[in-house]
Amino acid sequence: MKIILKGIDSTTEWSAKIFHWLATFLVLVISYTVIMRYVFNASPMWGQEVSMMTGIIMYVFAFAYALKHNTHVRVDVFYMRLPVRSRAIIDTIGDVVILAPLCILLAYTASAHAIDAYTDKEIMMYTGWMPPSWPWRSIVALAWVLFALQAAARLIRNAHIVARNKNYD
């Protein structure tokens, strides 16, 4: 089990290292689009769609990374003062009641949308560029699957703390 958890963690870290460069790419695309629009009065049609696709992919992959490093937003007025086991109980209940159903729903829905986009040859019609939507929908679905796997790894670790009162790793 430790090998699987480490594999999930390393995949999350690896994806974060790759996709953090999307922020730089996003800044370049938006800068280019703005310069073309306001300096040369010629806005490229692809700029808005590429910006949207890049931003979505960047943020969705960040969810798994934030979950792994426990850096998501939480109101921790009392939480941080609790013992580790009590925090693990709260996290386990939250993971089972809220996070697991959400992960299943998001991964399933995104995967279904990606498959439908591919089989229907769906295109993005926001601008005249009209690129196929299945590549970016597939990447988003992959990101939600990674988020679900990271949530499962977190649930296993927290359940271990609840049961044994010590960290799994």
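Which side chain does the side chain of Asp91 make a polar contact with? The first close-up below holds the answer, and the other views take us through the rest of this predicted model.

**View 1**
The side chain of Asp91 makes a polar contact with the side chain of Tyr79, at 2.5 Å. Asp91 belongs to helix α4. With a relative accessible area of 9%, Asp91 is buried, because buried means under 20%. Now look at the ring of Tyr79: the charged end of Arg87 sits over this ring, 6.0 Å from its centre.

**View 1. Tyr118 and Trp134 pair edge-to-face.**
The structure holds six aromatic pairs, and this view shows one of them, formed by Tyr118 and Trp134. The two ring centres are 5.3 Å apart, with 85 degrees between the planes. The arrangement counts as edge-to-face because the angle is over 60 degrees. Tyr118 is in helix α4 (residues 84-119) and Trp134 is in helix α5 (residues 134-164), so the pair links distant parts of the chain, 16 residues apart.

Three rings come together here: Phe63, Trp144 and Phe147 form one aromatic cluster. Please keep an eye on Trp144, as the next residue is placed relative to its position. Thr109 and Trp144 are 35 residues apart in sequence, but their C-alpha atoms are 9.5 Å apart in space. Thr109 sits in helix α4 and is partly exposed, with a relative accessible area of 30%. Within the chain, the side chain of Thr109 reaches the backbone oxygen of Leu105 at 2.7 Å.

Thr12 lies in helix α1 (residues 2-19). At 0% relative accessibility, Thr12 counts as buried.

**View 2. The largest pocket is lined by 19 residues.**
About 470 Å³ of space lies in the largest pocket. Closest to its centre are Lys68, Asn70, Arg157, Asn158 and Ile161. Helices α3 (46-68), α4 and α5 are the elements that give two or more residues to this lining. Of these elements, α5 gives the most, with five residues. Sorted by class, the lining of the largest pocket has seven nonpolar, five polar and seven charged residues.

**View 3. The second largest pocket is lined by 17 residues.**
This pocket holds about 330 Å³ of space. Nearest its centre lie Leu67, His72, Asp95, Leu99 and Arg154. Which helices each supply at least two residues of the lining? They are α3, α4 and α5. Here α4 gives the most, with seven residues. By class, the lining of the second largest pocket has 11 nonpolar, two polar and four charged residues.

**View 4. Asn41 and Asn70 each have a positive phi.**
Most residues other than glycine have a negative phi. Asn41 is not a glycine, yet its phi is positive, at about 55 degrees. Asn41 is placed in the loop between α2 (21-38) and α3. With 71% relative accessibility, Asn41 counts as exposed. Asn70 also has a positive phi, near 55 degrees. The loop that holds Asn70 runs between α3 and α4. Asn70 is partly exposed, with a relative accessible area of 40%.

Key: Residues numbered from 1 in each chain as written. Predicted model: local features only at pLDDT ≥ 70, side-chain atom pairs only at ≥ 80, totals over all residues. Heavy atoms only, no water. Phe/Tyr/Trp six-rings, centres within 6.5 Å; stacked < 30°, edge-to-face > 60°. Helix = DSSP H or I, 4+ residues; strand = E, 2+ residues; numbered from the N terminus. Lys NZ or Arg CZ within 6 Å of the ring centre and 35° of its normal. 1 Å grid on protein atoms, 1.4 Å probe; cavity = no way out; pocket = protein on both sides within 12 Å on 5 of 7 lines; lining within 4 Å. Points joined across faces, edges and corners; volume = space filled by probe spheres on them. Nonpolar A, V, L, I, M, F, W, Y, C, P; charged D, E, K, R; others polar. Buried < 20%, exposed > 50% of the residue type's maximum accessible area, 1.4 Å probe, protein only. Polar contact = N/O pair within 3.5 Å; in protein donor to acceptor, adjacent residues only side chain to side chain.
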